[in-house]
Structure formats: structure tokens, C-alpha cells
Amino acid sequence: MNQARPKAKLSRALGIPLTRKCVKYFERRPFPPGVHGRARKKPSDYQVRLLEKQRLRHQYFISETQLRNQFDKAARSSGKTGETLLIALECRLDALVLRAGFARTIYQARQAVGHGHIAVDGQKVDRPSYRVKPWQTITVRDRSRTKPPFQIAATGAHLDGPTAPYLEVTLTDLRATLTREPLRTEIPVICDEQLVVEFYSR
């Protein structure tokens, strides 16, 4: 992962704002960075598929190896590979911490999990890639609740609108339960998953 690259510049390269803070920069300069950003040639089919894969990877802030492993698992499943892939990514612990409103960005959500602030069914989990199953409950650990980022989260400040329909959230308690696996139409990422499937299947 290219963690050092400024998020605004990366957003422009990918063609999507990666954080709420990036939206205004992206709207002001909605073309790729660089002196030739406005006058790029029409991309090849490979470049289109590559860009879509990169968009998905960066929206979940995961490495190429992690995405490839998830794709391979999805490809072995009985469902539609693209949908299965997105559902698996959306059920990662860091993604659900973000959707529940416990963090402002996927980067903050990953950090919260990695630093041991999050529990699943009462047990500390510090693996952002942990796969949450339906009816498991995510909470901010008691010793972390007084920290400013979580006090802010408890006010609902990190949410743009209603929480995801597959989550039952009580923000004041910093508690969220995954009630079911999400449907593809409910997953708020910008991605044509079929292009991702084509990229890895080539």
C-alpha cells in the first residue's frame, strides 16, 4: 500500500474521493495529477480494469496481496465472484467500524482496530481483516471510550446519514451488531466489480 501518498492526490489519480475531506479538492480538480492530467489518452482495456481494481483496494485500504487472497476465495465460492468479494471486504472488522460511525475514515478505523480499541463479542480483536459474522457485536472497549475520537464518534459526528441497513447501531453505547450479510446494492463503495473479476481472471 502506498500509505505516504497524499489522499487528495491519490483520489484524483483514482477518480474518486477517498475521504470526505478529499471531496472539495477532488471537485476543484477532478482530473489526474501531473502536467498531462487533463490531456491523457483514452486508457486501454487493461488500464480500465487496473484502475477499477486499484479503486476497490484503496477504498478498503488493503494491500494487493490481501485483495488477491480475497478474490481467490471468492472465485472458489458458489456465488457471483464479484459480489462475494465485495461482501467479504465489507464484513472486515475495520470496514464495519467505519460503517458504524466509530471512525471518520477507513484509515482511522484500521488504526482503532490495530491499536486494540475494538472488541467483538466482548473479546479484543486487533486484526483489521477479522471477518465479522452475522449477529456478532462490535464495541469500543471500556478503557478506550473516554478517548476523544470515540467521544466524538458517540455524538454521531462521523456519519453522513443513516447507518448501514445491515448494522444495528447504538452510538451512545458505541455498539454495533451485524444483523446479516450486506447486499451488493447496500455496499457504499464505487466499483464495477466485474472489471475487478476480469482483471484477476485475465
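Two strands pair if DSSP finds at least two bridges between them. In S3, valine 140 is the bridge partner of isoleucine 118. The model is predicted: local features need pLDDT of at least 70, side-chain atom pairs count only at pLDDT 80 or more, and totals for chains, interfaces and linings use all residues. Residues are numbered from 1 along each chain as its sequence is written, and side-chain values use heavy atoms, with hydrogens and water left out.

**Overall make-up**

- The protein chain has nine helices and five strands. Helices (H or I, at least four residues) and strands (E, at least two) are DSSP runs, numbered from the N terminus.
- Along the sequence the pattern reads α-α-α-α-α-α-α-β-β-β-α-β-β-α.
- Of the 202 residues, 47% count as buried. Buried means under 20% relative accessible area, exposed over 50%, and partly exposed in between (1.4 Å probe, protein chains only).
- Among contacts (heavy atoms within 4.5 Å) between residues at least 6 apart in sequence, 58% join residues at least 24 apart.

**The sheet**

- Five strands form an open sheet in the order S2-S1-S3-S5-S4, with antiparallel pairing.
- S2 and strand S4 (167-170) stand at the edges with a single partner strand each, so one side of each has no neighbour in the sheet.
- Strand S1 (residues 118-120) and S3 run antiparallel and are joined by three bridges.

**Aromatic rings**

- Rings of Phe, Tyr and Trp (its six-membered ring) pair if their centres lie within 6.5 Å; planes under 30 degrees apart count as stacked, over 60 as edge-to-face and the rest as tilted.
- The count by this rule is four aromatic pairs.
- In the pair of phenylalanine 61 and tyrosine 107, the ring centres are 4.7 Å apart and the planes stand at 75°, so the pair is edge-to-face.
- This pair links distant parts of the chain, 46 residues apart: phenylalanine 61 lies in the loop between helix H3 (45-59) and helix H4 (64-75), and tyrosine 107 in helix H7 (residues 106-114).
- Phenylalanine 61 and tyrosine 107 are both buried.
- Tyr46, Phe71, Phe199 and Tyr200 form a cluster linked by ring pairs.
- The charged end of arginine 202 sits over the ring of phenylalanine 199, 4.2 Å from its centre. The rule asks for NZ of Lys or CZ of Arg within 6 Å of the ring centre and within 35 degrees of the ring normal.

**Positive phi**

- Most residues other than glycine have a negative phi.
- Phenylalanine 61 has a positive phi, near 55°. Its relative accessible area is 12%, so phenylalanine 61 is buried.
- Tryptophan 135 also has a positive phi, about 75°. Tryptophan 135 sits in the loop between strand S2 (123-124) and strand S3 (137-140). At 59% relative accessibility, tryptophan 135 is exposed.

**Core and covered parts**

- The largest nonpolar core has 52 residues, and those with the most contacts inside it are Leu56, Leu85, Leu93, Val97 and Phe102. Such a core is a set of buried Ala, Val, Leu, Ile, Met, Phe, Trp, Tyr and Cys residues joined through side-chain atoms within 4.5 Å.
- Neighbours within four places in sequence aside, phenylalanine 102 is in contact with residues including Ile138, Val140, Phe150 and Leu171.
- H7 is mostly covered, with seven of its nine residues buried. Among them are Ile106, Tyr107 and Arg110.
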